[in-house]
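Please walk me through this structure.

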Amino acid sequence: MSIVECSDDILSLQDPEVAALIQQESQRLKDGIELIASENVASPAVLAALSSVFSNKYAEGYPGRRYYGGCEFNDSLELLAIKRVKQIFNAEHANVQPHSGAQANHAVFLATLSPGDSFLGMDLSHGGHLTHGCPVNFSGIYYKSYSYGVNEQGFIDYEEVLRVAKQCQPKLIIAGASAYPRALNFAKFREIANEVGALLLVDMAHIAGLVAAGVHESPIPFADFVTTTTHKTLRGPRGGIIMCREKYAKAIDKAVFPGLQGGPLMHVIGAKAVAFGEVLKPDFKKYAEQIIINSRHLAKKLMGYGFSLVSGGTDNHLMLVDFRHSHYSGKEAEQMLAAVNITVNKNSVPNDPRKPMVTSGIRIGTPAITTRGMVESDMDKLALAISLALKPELDEHRKARQIVEDLCSQYPLYQGSFSKLGYASPV
């Protein structure tokens with residue numbers, strides 16, 4: 001019996017209410033198509049590490065410099081995670097303690113800026129992230145944020161980014177996005193940062209797995225700081241990491257602890273180490289390549305059904321469907337797809353006339369369905385299901401639901417691509 005299976009048995013006896021909710025969520029995942037671009041499916045090995053006895057241990061500080069005794073194995077675990085992530089990305093320094101991507105970004109701010117300093121990031125409504133200067137976020141509250149966006153065609157205009165940078169003279173420029181379907185030109189961002197004397201932070205939370213596999217250019221040679229989450233395309237546990245040039249290592253480590261966090265979550269760091277080990281296996285490159293193949297194929301098929309996509313397609317793992325000229329909103333589209341067990345998230349599109357909780361778009365991503373084992377031929381079926389689900393006729397909805405059921409049956413959760421990695425027991 002596996003650790004996870006044993007834990008399930010214990011939990012069912014100890015707390016059947018929580019066990020039932022976990023079972024219900026597991027069933028939801030098994031019976032549905034997960035198209036939220038920021039979500040993925042962690043392996044059984046990652047989940048096993050996440051529920052390990054390292055959850056019991058306080059380990060404030062860093063390897064060799066802890067404020068608690070009994071940390072010798074914690075030191076070894078954290079050093080292993082650091083070694084693996086540095087190997088993956090060819091980074092000079094890595095901190096694996098941030099609890100999230102947002103806290104990783106916050107740590108870079110703390111290490112490089114003083115309250116009131118100016119920085120430049122991507123506008124949230126054009127595809128940026130909350131931590132890139134949104135007024136209600138710490139980044140917009142404590143610092144003077146300026147933003148750049150996309151042009152009418154949905155692409156970043158680097159000349160416009162340079163113009164804004166010259167105007168606001170930021171101390172820090174952020175490259176990266178949470179809803180931008182095109183490849184990022186890190187060399188251009190570096191040139192702009194050099195021209196205005198700014199530091200460059202690349203937030204690659206969404207594309208880290210693609211970078212790790214070499215199917216998207218790496219920001220490491222260009223950026224002073226690189227942050228990422230460890231889930232999304234990296235397919236690990238929820239968490240964050242920071243990589244930087246060696247000369248900034250002490251400042252970054254100090255910003256994470258004691259600047260922002262106390263004790264690191266050692267069980268999560270253990271799960272990160274497992275995920276990094278999986279990334280280092282040859283199959284991961286094939287997986288990342290398939291993410292992009294699936295994404296481009298799905299985008300092409302959706303446009304064939306008459307859907308409008310921001311920028312007219314995708315270079316990475318996600319696409320934005322634009323409903324500005326449709327009779328329904330992003331929120332309504334999300335609900336209609338949920339009714340046939342397809343999960344997406346409503347998302348603002350550039351120059352969106354609707355409010356953020358309604359939106360005129362949906363964001364679609366292929367990491368989780370690629371983990372499940374789906375290939376480009378399945379994108380034909382999925383595009384058809386999406387098209388049918390967004391029609392008013394109930395008969396069409398039934399057809400869409402049947403397509404989803406058939407795909408889920410063909411690609412059972414935890415019995416598809418993970419078997420190639422040697423994980424025999426489904427959870």
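Which exposed residues does the face of α4 turned away from its buried side carry? They are F73, K83 and Q87. Exposed means over 50% relative accessible area, buried under 20%, and partly exposed in between, with a 1.4 Å probe and protein chains only.

Some ground rules come next. This is a predicted model, where local features need pLDDT of at least 70, side-chain atom pairs count only at pLDDT 80 or more, and totals for chains, interfaces and linings use all residues. Residues are numbered from 1 along each chain as its sequence is written, and side-chain values use heavy atoms, with hydrogens and water left out. Helices (H or I, at least four residues) and strands (E, at least two) are DSSP runs, numbered from the N terminus.

Helix α4 covers residues 72-89, 18 residues in total. From first C-alpha to last it reaches 26 Å, close to the 26 Å expected at 1.5 Å a residue. That expected span is 1.5 Å times one less than the number of residues. Buried in α4 are N74, D75, L77, E78, A81, I82, V85, I88 and F89. Down the axis of α4, these buried residues fall within an arc of 165°, so they line one face of the helix. The arc is taken over the directions from the helix axis to the C-beta atoms. An α-helix has 3.6 residues a turn, so residues three or four places apart point the same way. The cover over the buried residues of α4 includes β2 (61-62), β10 (240-244) and α11 (266-279). Contact here means heavy atoms within 4.5 Å. Just after α4, N90 takes a positive phi of about 55°.

Helix α12 (residues 282-304) has 23 residues and should span 33 Å at 1.5 Å a residue; its end C-alpha atoms are 34 Å apart, which agrees. Its buried residues include F284, Y287, I291 and L298. G306 follows α12, with a positive phi near 95°.

Now the second largest pocket. About 910 Å³ of space lies in it. Of its 36 lining residues, the closest to its centre are L124, H129, L130, S178 and N347. α5 gives the most to the lining, with three residues. By class, the lining has eight nonpolar, 20 polar and eight charged residues.

At 14% relative accessibility, N347 counts as buried. Leaving out residues up to four places away in sequence, N347 touches A179, L320, D352 and R363, among others.

Methods. 1 Å grid on protein atoms, 1.4 Å probe; cavity = no way out; pocket = protein on both sides within 12 Å on 5 of 7 lines; lining within 4 Å. Points joined across faces, edges and corners; volume = space filled by probe spheres on them. Nonpolar A, V, L, I, M, F, W, Y, C, P; charged D, E, K, R; others polar.
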